[in-house]
Amino acid sequence: MSKVIIIGAGGVANVVAKKCAQNDQVFTEVLIATRTVAKADKIVAEIKEHMPHSKAVFTTATVDADNVPELVGLINDFGPKMVINVALPYQDLTIMDACLETGVHYLDTANYEPKDVAKFEYSWQWAYQDRFKDKGLMALLGCGFDPGATQAFTAWHAKHHFQEIHYLDIVDCNNGNHGKAFATNFNPEINIREITANGRYWENGQWVETQPLEISQDIYYPKVATRKSFVLYHEELESLVKHFPTIKRARFWMTFGEAYIKHLNVLEGIGMTSIEPIDFRGMKVAPIEFLKAVLPAPESLAAGYSGQTCIGVQAKGIGKDGQPKVHFVYNVKDHADCYREVQAQGVSYTTGVPAMIGAMLMLQGEWMQPGVWNVEQLDPDPFFDAMNKWGLPISELADIELVKD
Ligand code: NDP
């Protein structure tokens, strides 16, 4: 039915491509375009090997997604209906520009970030609202798991369970073990920038800033474990408090093990996580980019990864019956199952599946509407059906407060 371009060929792109191959009624022709084309070729070779019955036709190309004319040429040559951007957040605006110029729809999984400042905010991409609307095009922002599914979970709470949401806690547990002393589960540069930045949460109409990893709590993750979890700033908080103004407090929690934090402290202490370029043998190198080159590639962690992820959203407020209510919506995913299915670890899987689903709901029309959208603004019902069908079944837990005040 539809031609799409996937930009990027990392851990998440691998999952998006393979889920498109499974969903070949919707995704009939797919071009994977990226900087290092050998990585795209590897994904296509694995699709041919592991999914020989898929009718979707895959091709690959090289592209520098920082370069708008190059992107425009690529899009015009292939003629897709939409672009799924799973390169890095640095490329969001150039890809959106190219989509506007060529008249194709757009989806990504992380908000734009400038390379030289660790700053997570939607302002740059929300500024494209009128341009996408005027051209009758849709841009769907942040359709991975968090951001992405967590916003659909919040929309589900609002649609099916609450008159008013007052307190929102997004919780993200990776209880997996990849056997490495230190590695990040998605792009190391983006991941470390997120964790070493100051924490921030929303309370009574304003942002409260914390030191990195200053606030923690032991949280029980159903079917998985009780794990120490830390308050971080996460980009979906910004759009959620905008679109659900009854929210009095919104926080994001993530688990980190002792060893992970110890390594991160040392790396930070010696300046290896800095984004400020230094002079090295006549070149300018940002230490964090060098660190990325040393650390294991996220996709290389997949074989032998054990344990589960559990990501969910707890809402507290006034239920549909007018009574105080607490409710939890979540998904648990097993790393080894992800590897068996698409040769990926759980963090790439839980991001790539919602991206494929968002693209499908756009292409099939359920979600398609001109303008720039965050996931919580769209109907969560078809998204929940698709999550249950495509490998990320959703569970709910009533009346138990997992995250305390
Ligand atoms: P990887 O680093 O594994 O992959 C990124 C890919 O983008 C690589 O193939 C890379 O090419 C390519 N790329 C980078 N720069 C360019 C460029 N200028 N032109 C063309 N291609 C480029 O990252 P992940 O797959 O782990 O993450 C992908 C995205 O998903 C990121 O934006 C990340 O923030 C987001 N994410 C979102 C999550 C969510 O839940 N919403 C969770 C996890 C990740 P090369 O191979 O040459 O380096």
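What do E4, helix H4 and E5 make together? They make a right-handed β-α-β unit. Helix H4 covers residues 92-102. One caution before going on: this is a predicted model.

E5 itself is residues 105-108. On its other pairing, 2 bridges join E5 to strand E6, residues 138-141. These two also run parallel. Here Leu-107 has Leu-140 in E6 as its bridge partner.

Now the side chains of E5. In a regular strand, side chains alternate between the two faces of the sheet. In E5, His-105 and Leu-107 point one way. Tyr-106 and Asp-108 point the other way. Are these residues buried or exposed? All are buried.

On to the ligand. How many residues surround the ligand? There are 29, and the closest are Arg-35, Thr-36, Lys-39, Ala-65 and Asn-187. By class, the shell has 13 nonpolar, 10 polar and 6 charged residues.

Thr-34 has a polar side-chain atom 3.5 Å from an oxygen atom of the ligand. Asp-64 places a polar side-chain atom 3.3 Å from a ligand nitrogen atom. For Gln-91, an N or O atom in the side chain is 3.3 Å from a nitrogen atom of the ligand. And the cover? On its own, the ligand has 930 Å² of accessible area, and the protein covers 95% of that.

How values were computed
Residues are numbered from 1 along each chain as its sequence is written. This is a predicted model: local features need pLDDT of at least 70, side-chain atom pairs count only at pLDDT 80 or more; totals for chains, interfaces and linings use all residues. Side-chain values use heavy atoms; hydrogens and water are left out. Buried means under 20% relative accessible area, exposed over 50%, partly exposed in between (1.4 Å probe, protein chains only). Helices (H or I, at least four residues) and strands (E, at least two) are DSSP runs, numbered from the N terminus. A crossover is right-handed if, with the strands pointing away from the viewer, the path from the first strand over the helix to the second runs clockwise. Two strands pair if DSSP finds at least two bridges between them. A residue is near a molecule or strand if one of its heavy atoms lies within 4 Å of it. A polar contact is a pair of N or O atoms within 3.5 Å; within protein, one must be able to donate a hydrogen and the other to accept it, and residues adjacent in sequence count only if both atoms are side-chain atoms. Accessible areas come from the Shrake-Rupley method with a 1.4 Å probe; for residues, only the protein chains shown count as cover. Ala, Val, Leu, Ile, Met, Phe, Trp, Tyr, Cys and Pro count as nonpolar, Asp, Glu, Lys and Arg as charged, and the others, Gly among them, as polar.
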